[in-house]
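Please keep the sequence and the model in view while reading.

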Amino acid sequence: MVNNRILEITPYQPGKPIEEVKRQLGLSKVIKLASNENPLGPSPKALRAIQKALPKINRYPEGSCYYLRQRLSRHLKVNPRNLIFGNGSDELIDIIIKAFSCPRDEIMTAEATFLEYKIIAQQNGRRPKMFPLRGFRYDLSAMKQALNKRVKVVFIANPNNPTGTYVDKKEVESFLRDIPKDVIVVFDEAYFEFVKEKDFPETIRYVKEGKNVIILRTFSKIYGLAGLRIGYGIASPELVGYMERVRQPFNVNSLAQEAALAALSDTAFVRKSQALVWEGKRYLLRHFEQLGLEAIYSAANFILFKVNKDGLTISQELLKRGVIVRDMCQYGLKDYVRVTVGTKQENEKFVEALRKVL
Ligand SMILES: Cc1ncc(COP(=O)(O)O)c(C=O)c1O
């Protein structure tokens with residue numbers, strides 16, 4: 001009755017929603033620093049665009065995301081044919097696996113990384129081939145050595161979630177050099193807009209050079225549109241063409257398209273969000289140091305830190321004080337906790353609660 005291959009899947013456990021925690025623990029004020037969302041809310045321009053678009057939701061959405069495609073191609077300086085849109089970048093992970101591999105092929109990624117690569121591979125009957133991180137970073141040279149005929153797609157989250165670490169331009173170029181032609185390399189850059197490190201790779205160049213590279217980005221993080229579900233991929237028109245064959249015709253809803261279009265031109269909001277995260281990271285790192293906790297260097301909008309008890313207990317204790325963070329059990333990092341950078345007040349509340357819990 002049931003498809004046996006789904007039995008080995010551990011479903012994705014998302015960060016707890018604020019309302020649920022309030023209800024369960026009888027708290028009136030709860031802050032969520034668990035899902036790497038933008039604490040400033042959505043881009044105000046996006047909100048206005050959604051309100052304007054509401055009376056038209058009796059119609060099916062624009063199947064090709066025409067206007068957004070044109071606008072985004074100018075923004076990224078790529079051809080509109082280099083783009084594909086998804087119901088969140090999550091959906092594009094599924095589309096990529098379906099388009100470029102067959103059942104029993106291998107999907108390569110790291111062990112402590114975004115869980116969806118493994119889960120979606122398993123849902124599709126592909127074999128996840130996962131490599132331990134080295135110094136909390138993707139070990140690209142070990143991964144390259146282990147490539148074989150069965151590996152069809154490699155997922156590299158850059159910066160990586162949950163560690164916040166990144167692989168630099170030199171490492172990426174050495175990984176891509178002489179890589180077998182039929183391997184698709186996916187750079188999942190969900191946190192791209194928060195990165196200011198100079199040696200971060202400019203992956204769009206590899207797409208323009210005709211490499212088998214797909215870049216994934218999202219409107220869920222810096223643009224504050226996680227609830228609308230919209231992300232995009234950048235790749236050669238040939239690879240986009242294959243992916244289009246497995247994409248559902250109306251996968252991106254019309255409000256998401258309008259919101260994303262407006263959010264792209266809201267540069268003031270993007271800058272404000274970047275400044276908030278960069279300042280917030282400095283604040284949090286200072287306090288981790290004062291508390292004697294080891295924190296991992298992060299190029300994204302969250303920080304992984306080591307606790308002296310187990311991370312699950314610490315997160316549960318924080319939850320009782322109205323602060324939702326993410327324990328790392330599912331990632332095999334039991335002594336660690338991941339916190340998303342919040343507003344100044346949220347960061348202060350988190351530090352105060354953490355101090356008490358420790
Ligand atoms: C590395 C990475 N990729 C993709 C996603 C999912 O993004 P989306 O909301 O666009 O599906 C996340 C979300 O946390 C992420 O951390």
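This is a predicted model: local features need pLDDT of at least 70, side-chain atom pairs count only at pLDDT 80 or more; totals for chains, interfaces and linings use all residues.

Residues are numbered from 1 along each chain as its sequence is written.

Q: Why does Leu-225 count as buried?
A: A residue is buried if 20 or more other C-beta atoms, placed from the backbone, lie within 10 Å of its own, exposed if 12 or fewer, and partly exposed in between. Leu-225 has 27 C-beta neighbours inside 10 Å and therefore counts as buried. Leu-225 sits in the loop between strand E7 (213-218) and strand E8 (231-234), where helices (H or I, at least four residues) and strands (E, at least two) are DSSP runs numbered from the N terminus.

Q: Which residues is Leu-225 in contact with, leaving aside its neighbours within four places in sequence?
A: Contact requires that the C-beta atoms of two residues, placed from the backbone, lie within 7 Å. On that criterion the partners of Leu-225 include Pro-42, Ala-46, Phe-219, Ile-230 and Ala-263. Leu-225 and Ala-263 are 38 residues apart in sequence, and their C-alpha atoms are 8.8 Å apart in space.

Q: What makes strand E12 mostly covered?
A: Five of the five residues of E12 (residues 336-340) are buried. Tyr-336, Arg-338 and Thr-340 lie on one side and Val-337 and Val-339 on the other, and both faces are covered.

Q: How do you know that E9 and E12 pair, and in which sense?
A: Two strands pair if DSSP finds at least two bridges between them. Strand E9 (residues 302-306) and E12 have five bridges and pair in the antiparallel sense; Phe-305 has Val-337 as its bridge partner in E12.

Q: What is the pairing of E11 with E12?
A: Strand E11 (residues 326-327) pairs with E12 in the antiparallel sense over two bridges, and Arg-326 has Arg-338 as its bridge partner.

Q: Why are E9 and E11 called edge strands?
A: The open sheet of three strands has the order E9-E12-E11, with antiparallel pairing. E9 and E11 each pair on one side only, and these are the edge strands.

Q: How many residues surround the ligand, and which are closest?
A: Near means that the C-beta atom of a residue, placed from the backbone, lies within 6 Å of the molecule. There are 13 residues around the ligand, the closest being Gly-88, Asn-161, Thr-218, Ser-220 and Gly-231. Helix H4 (residues 88-100) supplies the largest share of this shell, three residues.
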